[in-house]
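Please read it beside the sequence and the structure shown here.

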Amino acid sequence: MEHALRAHNLTKRYGHTLALCGLNLEIPKGKIVALLGPNGSGKSTLLKLFAGLIHPTAGEALVLGERAGVETKSKVAYVPEFNHLYRWQTVDEATRLAMKFFSDLDYELAQKLIAEMQLEPGLKIGSLSKGMHARLKLALALARTAPVLLLDEPLSGIDPQSRRKILTALVDTYRPGEQTIILSTHQVLESEATFDQVLFLQDGELVLWGDADELRREHNSSIEDLFAKIYQ
Amino acid sequence: MPQFDPAIPIYRQIMDEISGQIISGKLKAGGQLPSVRELAQTFQVNPNTIARAYRELEREGIVFTRRGQGTFVSEEKETFANLKRERAETIIGGFFRDMSSLGFRKQESLALAREFTKEEGD
């Protein structure tokens, strides 16, 4: 099977802090993967390494067989947890600016997704609620044709309706077999039916991973309960 | 839209849902199932999970695929009878399990069930 993402002995150190220690993993093409773990377990670091935004201290992160970096940026759509859009722009201006950065952004699809997310193109970014901002970030990411989509905490700190809308858009827009999505989240129960694989990180190490339905069968438990058991 | 139990493999629950629709006649023999994408949107479930449920249903002979056309309910009469029987066995098994948790033995449960049908009529 062809792998979308691979990590070989992937290690990242920030000063004295070891964020990831010798991670080995292979993520098959065409899956939606939930990246689970408590704060500080290395989730954001792992996503940034695959996005090519930071460099590993040791080991390597591969995107479709290539070392993550400048060359792989067009293949990876990465959505950070923080709000990175300009406050003074409108939704439509932000969309057009994103198109200049990312040649793979489909403007028509972006407009359609923005409408589905119930956002007005003329709204100022600065006036958006947290939930609206999260919806806009996701719409802009889903409008890209990049084969890999990395979402850092797309559901955290926002209202339930926005979370629902984001999960719906993900399922509806996802290109099965072709697109690989990793989303880190704490909202396990709400997203149970969205992901088909799970990675559990703890203290920079992979503690459990596999097919979500197989894990449910083996442990006779929901992924949420498994999560609670692992990190209690 | 059915609510899924997150403690049970979701593809299994989708298989049960479709089997249930076949038994109840909502899906007819030879009838076409929704596309993977349509069902994924209806159930709000990852399309890979729906595709897996369809694959398993096909392996069990409950549905079949026509290339380029989609997935259809089997036309074999046996399939329908088997599905119905399996479902009946599940219900009866559950009945005896529940009765045993109340302290009734199988024979006592049967006797009670017989009395119940007399009172209720057919």
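## Nonpolar cores

A nonpolar core is a set of buried Ala, Val, Leu, Ile, Met, Phe, Trp, Tyr and Cys residues joined through C-beta atoms within 7 Å, where a residue is buried if 20 or more other C-beta atoms, placed from the backbone, lie within 10 Å of its own. This is a predicted model, in which local features need pLDDT of at least 70, side-chain atom pairs count only at pLDDT 80 or more, and totals for chains, interfaces and linings use all residues. Residues are numbered from 1 along each chain as its sequence is written, while chains are lettered from A and ligands numbered from 1 in the order in which they are written.

The largest nonpolar core has 65 residues, and those with the most contacts inside it are A:Val33, A:Leu35, A:Phe50, A:Ala139 and A:Leu150. Helix α4 of chain A (residues 130–142) gives the largest share of this core, eight residues; helices are DSSP runs of H or I with at least four residues, and strands are runs of E with at least two, numbered from the N terminus. A second, separate core of 20 residues includes A:Ala193, B:Ile50, B:Tyr54 and B:Val63.

## Helix α1 of chain A

Eight of the nine residues of helix α1 (residues 43–51) of chain A are buried, so this helix is largely enclosed by the rest of the structure. Among the buried residues are A:Lys43, A:Lys48 and A:Phe50. The helix is followed by A:Gly52, whose phi is positive, near 75°.

## Chain A as a whole

Chain A has eight helices and ten strands, and buried residues make up 44% of its 232 residues.

Definitions and conventions:
A residue is buried if 20 or more other C-beta atoms lie within 10 Å of its own, exposed if 12 or fewer, and partly exposed in between; C-beta atoms are placed from the backbone.
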